[in-house]
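Good morning. Please have a look at the structure.

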Amino acid sequence: MAGVLNGIKVLDLSWGIAGPMTGMLLADHGADVTRIERPAGDPFSEMLGYKVWHRGKKNAVFDLKNPSDMNLFKKLVAEADVVIESMAPGKTKSLGIDYPEMAKLNPKLIYCSITGYGEGTADQDKPGYDALVAASSGLQFEQRGWPESALNHMAGEEDPFAEAVEIDQNWVQGANREGPLHVASKWPSMGAFFSAITGISAALYARTQTERGQKVSTSLQQGAMACGSGVWQRVDDIHAQGFNTWIMGARSPKGHFKCKDGKWIHNWVPNPRFILEAAKGDEINATPDLTVQNDPDRFGIGPEELLVMAHYQPILADAVSKFNADDWVKAAADGNMTMQPCRTVEESLTDPYLIDDKCVATVDDPELGPINQVGITYRLETSPGEIQGPTRVRGADTDSVKAYAADLPDPEEHTVPAKATGKGPLDGIRVLDLGLAIAGPFGCQLLADMGAEVIKMNTLWDSYWHRCHIAYMANRGKRSLAVMLKHPKGLEAIKKVIATCDVVQHNMRYPATQRLGLDYDSLKKEFPRLIYCHSRGFEEGPRKNLPGNDQTGACLAGVQHEDGALHAGGETHPLWSLTSLGDTGNGFLTAVGICNALMERERTGKGQFVDTSIINACLLNTSYAVAKPDGSVVERERLNADQTGYGDYYRLYKCADDNWIQVAAINDAHRAAFDGLAGDNKIAAFAGKSSADLMADLAKAGIPAAISDAEASRRLFDNADYKKRGWTVEYPHPYVGKLEQIGATYDLSDTPAIMQCPPLIVGDHSKAILEELGYSEEEILAMANETAILCDPPLPGQKEMKNPWGL
């Protein structure tokens with residue numbers, strides 16, 4: 001089948017991680033991608049990830065300082081659909097290939113620029129390496145979080161349970177030391193990648209409506225902010241009922257348990273009743289009697305639950321240690337519990353279920369031979385995607401690409417519209433969000449930010465979840481319709497909403513939708529133009545209908561194993577990063593797939609099924625690694641056991657004033673200068689001087705470095721430039737007062753993002769939406785009194801409904 005991007009031509013001038021991965025995803029879905037390399041070469045060419053991220057692309061070397069090559073390049077630009085570049089701000093302008101110049105040659109061009117800190121920002125000229133952005137943005141301190149929790153830290157409040165709970169250091173994630181963590185995951189780059197591919201996909205669809213191209217901009221700084229969207233929220237009242245939780249705090253156990261065989265499992269959210277009942281006997285019991293009320297079936301999310309967890313953690317650890325990891329995973333599957341093993345990347349890349357699903361693929365690399373790597377990560381029914389081939393050697397296609405360009409006509413200059421369209425790229429698109437928790441709703445929030453009208457279907461009892469700060473990160477820009485799907489009138493109302501929608505998106509387990517008649521096969525007969533997107537926890541296969549989440553995906557893909565440096569043995573244990581891109585990465589993939597499907601509908605007039613999963617997003621997060629098909633390791637750099645970085649040259653160092661400096665000596669010149677500055681015992685050299693003096697020394701020697709900034713998150717929402725750019729947003733909320741959040745993580749020059757309204761209140765638009773569908777006030781009141789719907793505020797004459805959560 002032809003890819004959904006068949007016929008789209010892409011010129012990829014990027015290097016590093018975010019740009020190459022963006023080009024990879026376009027190629028995976030049919031785009032004709034040509035990688036343009038400079039004569040001096042790529043400074044990151046030795047990265048193992050390039051075996052993955054540059055697959056399926058032609059490779060041509062162009063000297064853009066040479067008039068002949070520049071002329072050929074401009075001919076290619078004139079017929080291209082997308083250009084991707086990751087040069088330092090000002091570099092493209094000095095070369096004459098910045099967006100304004102290229103748009104004159106091709107007004108329909110989508111031009112994606114990825115920088116370190118954003119063009120025109122105060123930090124634009126700083127070295128934009130991944131670890132430096134993670135350091136300066138404060139992201140390194142958010143890997144395991146703050147003892148007092150994220151919200152308390154942002155508000156400047158102390159840990160309310162500091163004296164009440166004695167914490168075993170073995171419960172705390174990360175190395176047994178204070179300070180920031182340098183993890184294996186390249187979070188700022190990954191956030192920039194997800195943002196860039198989403199922005200390009202939105203711009204390609206918008207072009208079908210406006211017939212205009214535009215500039216898509218993102219940065220590693222915005223990528224870091226995408227990762228921090230769950231922990232970086234600031235409100236007037238963090239003590240508002242139901243708002244704060246223990247989840248984003250460093251002191252709370254995170255559901256990791258070491259098994260009898262020394263392997264780790266992750267049970268999230270921990271289920272004491274299942275674990276303790278299953279482990280009672282000499283053999284594990286996969287179907288214990290869970291009606292017993294001795295222990296909770298799961299922990300609550302309020303901050304005070306830390307006291308309960310502190311009681312149970314050692315008890316649960318002892319119970320889990322009685323049996324092997326495989327026994328627990330099988331028992332959890334039989335018992336429908338959320339539990340998976342923390343395994344290596346190599347185990348992930350040789351998992352037969354993932355291989356059968358094609359989210360892992362074997363590619364015959366010209367240098368390494370057959371290697372397993374991340375495969376296709378989202379699918380459209382009519383064009384599921386296909387890897388176009390391995391990464392080609394440098395210059396392999398230079399002659400053919402230049403010959404092709406030479407035959408193209410000389411480009412003409414065009415007038416580019418001076419005024420932006422101003423509407424979001426999905427203006428006029430209506431979406432029904434049936435999602436749960438984060439992965440589904442976050443994807444629909446992205447669609448709302450693109451200007452789509454999003455209706456969120458809630459249950460009548462969802463206030464418990466939607467009062468929580470975690471739900472706030474995924475539900476702005478939506479109108480809530482609260483219905484009881486098991487009530488005939490509630491289900492009828494949802495089907496009437498679907499009749500008005502372009503898109504239905506959800507992450508429910510699919511059998512539930514089939515029972516309700518809300519599955520794609522049931523709906524497509526009546527609504528042939530409907531785009532139906534389903535995101536799962538796992539691959540299509542035996543795990544498909546198991547409960548899954550960010551944590552299980554990170555376990556199975558090897559993210560937690562790598563970030564926790566488990567390869568080093570000793571006292572290391574898995575790390576679930578609080579800035580993970582499993583749920584939210586999945587949300588980005590759903591938005592990409594939906595934009596692709598909407599674009600294809602413009603050609604065919606038909607809707608289709610779109611699917612992806614959390615495990616797919618997590619496989620992208622570990623795509624810096626590959627494995628041999630037999631599971632053997634392909635050599636790569638491994639994280640230091642103390643989670644300070646890699647070796648001596650790309651790592652964190654503690655200074656005499658207890659600040660930490662991230663060094664990024666990435667080339668020979670940097671390393672030689674660093675050796676001259678710090679000598680053989682670099683740890684001692686840093687320990688003996690202040691961070692200010694060391695930063696001055698590093699700058700003088702030309703060595704890229706940054707303070708790992710513990711206070712960055714507290715200053716984030718005071719940055720006037722970020723507010724002006726829409727990178728942070730604020731609005732009044734009736735529950736918590738002023739709410740400040742991460743805004744758009746990419747910028748579109750012609751169809752900018754729109755923050756439509758603050759996070760929803762359950763049932764806030766039930767009445768208005770039903771009236772739009774033709775329901776009378778009497779019918780709506782009757783539905784409310786029959787508990788088929790919930791309206792907030794209650795309707796005049798509505799009977800009082802008891803909320804089991806007391807909210």
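We start with Ser 713, which lies in helix α29, residues 712–716. Keep in mind that this is a predicted model.

Is Ser 713 buried or exposed? Its relative accessibility is 2%. The cut-off for buried is under 20%, so Ser 713 counts as buried. What does Ser 713 touch, once residues up to four places away in sequence are set aside? The list is Ser 137, Glu 142, His 153, Met 154 and Trp 232.

Next is helix α24, residues 583–604. At 1.5 Å a residue, its 22 residues should span 32 Å. The C-alpha atoms at its ends are 31 Å apart, which agrees with that. Of those 22 residues, 19 are buried, so α24 is largely enclosed by the rest of the structure. After α24 comes Gly 605, which has a positive phi, near 80°.

Now the cores. The largest nonpolar core has 157 residues. Which of them touch the most other members? They are Leu 26, Trp 328 and Leu 620. Helix α8, residues 187–210, supplies the largest share of this core, with 12 residues.

Take Leu 26 in more detail. Neighbours within four places in sequence are left out here. Leu 26 is then in contact with Leu 5, Val 10, Ala 31, Val 33, Val 82 and Ile 84, and also with Ile 197 and Ile 200.

Notes. Residues are numbered from 1 along each chain as its sequence is written. This is a predicted model: local features need pLDDT of at least 70, side-chain atom pairs count only at pLDDT 80 or more; totals for chains, interfaces and linings use all residues. Side-chain values use heavy atoms; hydrogens and water are left out. A nonpolar core is a set of buried Ala, Val, Leu, Ile, Met, Phe, Trp, Tyr and Cys residues joined through side-chain atoms within 4.5 Å. Buried means under 20% relative accessible area, exposed over 50%, partly exposed in between (1.4 Å probe, protein chains only). Helices (H or I, at least four residues) and strands (E, at least two) are DSSP runs, numbered from the N terminus. Contact means heavy atoms within 4.5 Å. The expected span of a helix is 1.5 Å times one less than its number of residues.
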